[in-house]
Amino acid sequence: MMLFLQFLVSGFVTGCFLILATIGFSLTRRVEGFLNIAHAELIGVGAFTCWGLNALLGVHVVVAAVVAIVVTAFLGLFVGRLVYDPIRRFGPAVLLITSVGVAYVIGGTLDGVIGTGIRTLDIPLATTYRIHGLRITDYQLVMVALAALSAIALAVFLNTTKVGLAVRAMADNPGLAASRGIDVATTSRITWLLASGLAGLAGVMLAVTATLSTDIAFHQILQILAVAILAGLGSLYAVIWSGLIVGICMDVSVYWIPAGYRPLIAFAVVILVLLVRPQGLAGARAS
Amino acid sequence: MNLEPLVISVLTYGSMYAILTMSLQVQYARGGMINFGIVAYFAAGAYAYAIVTQEPPSGLDQYLFGFDAPWWAGVLAAPVAAAAFAALTGWPTLRLRGEYLALTTFAFAEVLHSFLLNERRIGNGSVGLANITQPDPPGIDTAHLYAAAAVVMMLATLLFYRRLLASPYGRAMDAIRDDELAAQTVGKDIARIRFEIFVLTAIPIGLAGALFAMITTLVAPNLFTAEVTFLVWIALILGGERTIWGAVLGTLALVTFEELVRAYPFETVRGAQVAASVEEVVTGLIFILILRWQPFDRAARQKSGTP
């Protein structure tokens with residue numbers, strides 16, 4: 001029973017990471033209207049920028065993290081403007097496939113610059129706390145706190161600020177938003193910055209809590225897709241629930257079946273849910 | 001650069017992947033279904049061929065079944081396995097639409113991949129099944145033989161789809177794609193036709209899988225990753241999804257690009273690892289640039305007169 005609860009705790013932490021990793025992906029899907037497969041590569045860029053600054057150049061991890069997030073945000077914006085904007089009129093399928101090409105370019109560059117092998121940040125070992133026999137590390141607590149903070153900050157931003165409302169208007173109906181005087185180009189730019197910055201943050205947290213290798217991005221995209229489908233593509237608040245569900249299901253499954261099946265569990269959950277609710281957990285409208 | 005091996009491998013792999021692209025074209029452009037798990041039917045065919053023709057397990061082998069049947073039995077088993085997998089996955093998922101269908105088929109492919117990786121009793125886990133039976137008639141160069149086999153199989157698939165699409169059945173498919181409601185009103189069973197297309201198009205993919213297993217003489221989970229699915233989709237978009245010839249041209253162009261990039265001597269940069277990542281970057285850039293300007297698609301549009 002104790003072991004089960006321990007898996008539940010680690011599943012909750014995994015879920016918090018998945019929320020960070022998916023929320024930017026879902027934001028892009030809502031506002032830009034396509035599935036950006038390269039989102040996972042941005043997580044890799046965030047992780048390795050943080051690692052390079054911290055482990056190679058000796059920059060303090062907090063400074064390295066902030067720089068990594070900013071770098072990732074602007075890289076995302078740059079790619080959005082340079083690659084996706086000119087082909088928007090070709091429709092979501094071409095955008096989706098192009099994002100695979102972008103993933104190849106970013107992933108290949110990371111491979112070439114970083115090389116193979118396992119990397120870790122130059123930070124103190126995690127301190128483990130014991131609460132009623134359950135173990136949780138300080139870095140895991142930071143992950144949970146940052147996921148909660150990001151979700152709240154995003155919700156406040158989208159609901160109360162003028163720019164946030166413009167983003168929501170554009171997500172619901174770009175044509176109408178434009179005709180009502182919303183600056184579509186600026187709103188799109190802000191979306192790219194936000195979504196990519198969140199990917200950078202997810203990458204930093206991955207670097208803090210796990211060991212890094214350059215093939216991480218592909219494993220992330222599988223889980224991101226699982227969470228995003230479950231949430232009903234592009235629904236932002238449902239990402240919180242579905243991230244936790246997928247994270248907990250994956251980690252708790254280890255209690256019964258070999259850990260090698262962990263990625264399979266994410267998709268098994270998705271398939272089961274879609275059979276009952278074809279639009280995902282929160283999806284209400286036709287796709 | 002030596003031209004002959006390049007041409008041979010472009011013809012072999014280009015024709016083989018063109019079979020997948022054509023099936024995808026029929027599913028997507030005619031059936032209106034976005035299938036992002038096409039590699040799974042390919043894998044099902046390849047594994048079926050391997051398991052049927054493989055010798056029974058011995059020594060350290062962890063797989064349970066090897067029937068040691070001749071190669072033609074494997075070729076018969078492959079399309080059956082692919083169609084069976086398509087029926088199994090298509091039955092619950094085909095009521096999903098658009099991106100949901102795309103991602104669910106993707107999920108099924110990942111589940112199969114993870115299953116083959118972890119369940120050693122079927123395909124020997126990550127090691128895979130090696131030394132697969134290869135028909136090897138004396139006196140003929142095997143590279144040429146398999147290039148010819150791939151081209152013949154590709155042309156047969158092309159003819160099969162052309163006949164199918166020109167038939168009343170093909171027109172029913174077009175009707176469903178263009179206006180589901182209208183097709184339903186005139187009495188077309190949309191769910192059934194979609195399901196039939198899904199299973200029917202898996203058959204050539206399964207055959208291509210058997211050919212792939214013969215050529216590589218190895219099936220392992222790592223050969224059937226989502227990268228194959230991406231490659232086929234890129235080929236389809238590249239060639240333009242409107243015509244079946246576009247699918248073939250797109251695949252051949254893409255495979256030629258890849259083989260050219262691969263054939264380029266990278267001795268000047270440090271090591272094979274950097275060469276591999278340079279290849280990845282160049283391939284990605286080519287995808288982006290071609291999707292940006294879509295030369296083949298434009299040619300197809302001018303020819304057919306559609307805007």
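At what angle do helix α9 and helix α10 of chain A pack, and how far apart are their axes?

## Packing of α9 and α10

In this predicted model, helix α9 of chain A spans residues 216–231 and helix α10 of chain A spans residues 237–253. The two pack at an angle of about 125°, and their axes are 8 Å apart. Because of that angle, α9(A) is oblique to α10(A). The crossing in which α9(A) passes α10(A) is right-handed.

## Residues in the helix contact

On the α9(A) side, the contact is made by Gln223(A), Val227(A), Leu230(A) and Ala231(A). On the α10(A) side, the residues are Ala238(A), Val239(A), Ser242(A), Gly243(A), Ile245(A), Val246(A) and Met250(A). By residue class, the contact of α9(A) with α10(A) divides into 8 nonpolar residues, 3 polar residues and no charged residues.

## Cysteines

Over all chains, the structure holds 0 disulfides. Cys16(A) is in no disulfide, and the nearest cysteine sulfur to its own, that of Cys249(A), is 15 Å away. Cys16(A) has a relative accessibility of 4%, so this residue counts as buried.

Notes: Residues are numbered from 1 along each chain as its sequence is written. Chains are lettered from A and ligands numbered from 1 in the order in which they are written. This is a predicted model: local features need pLDDT of at least 70, side-chain atom pairs count only at pLDDT 80 or more; totals for chains, interfaces and linings use all residues. Side-chain values use heavy atoms; hydrogens and water are left out. A disulfide is a pair of cysteine sulfur atoms within 2.5 Å. Buried means under 20% relative accessible area, exposed over 50%, partly exposed in between (1.4 Å probe, protein chains only). Axes are lines fitted to C-alpha atoms, for helices over the stretch in contact, and angles run from 0 to 180 degrees between N-to-C directions. Helices (H or I, at least four residues) and strands (E, at least two) are DSSP runs, numbered from the N terminus. Angles under 35 degrees count as roughly parallel, over 145 as roughly antiparallel, 65 to 115 as roughly perpendicular and the rest as oblique. A crossing is left-handed if the near helix is turned anticlockwise from the far one by less than a right angle, and right-handed if clockwise. Contact means heavy atoms within 4.5 Å. Ala, Val, Leu, Ile, Met, Phe, Trp, Tyr, Cys and Pro count as nonpolar, Asp, Glu, Lys and Arg as charged, and the others, Gly among them, as polar.
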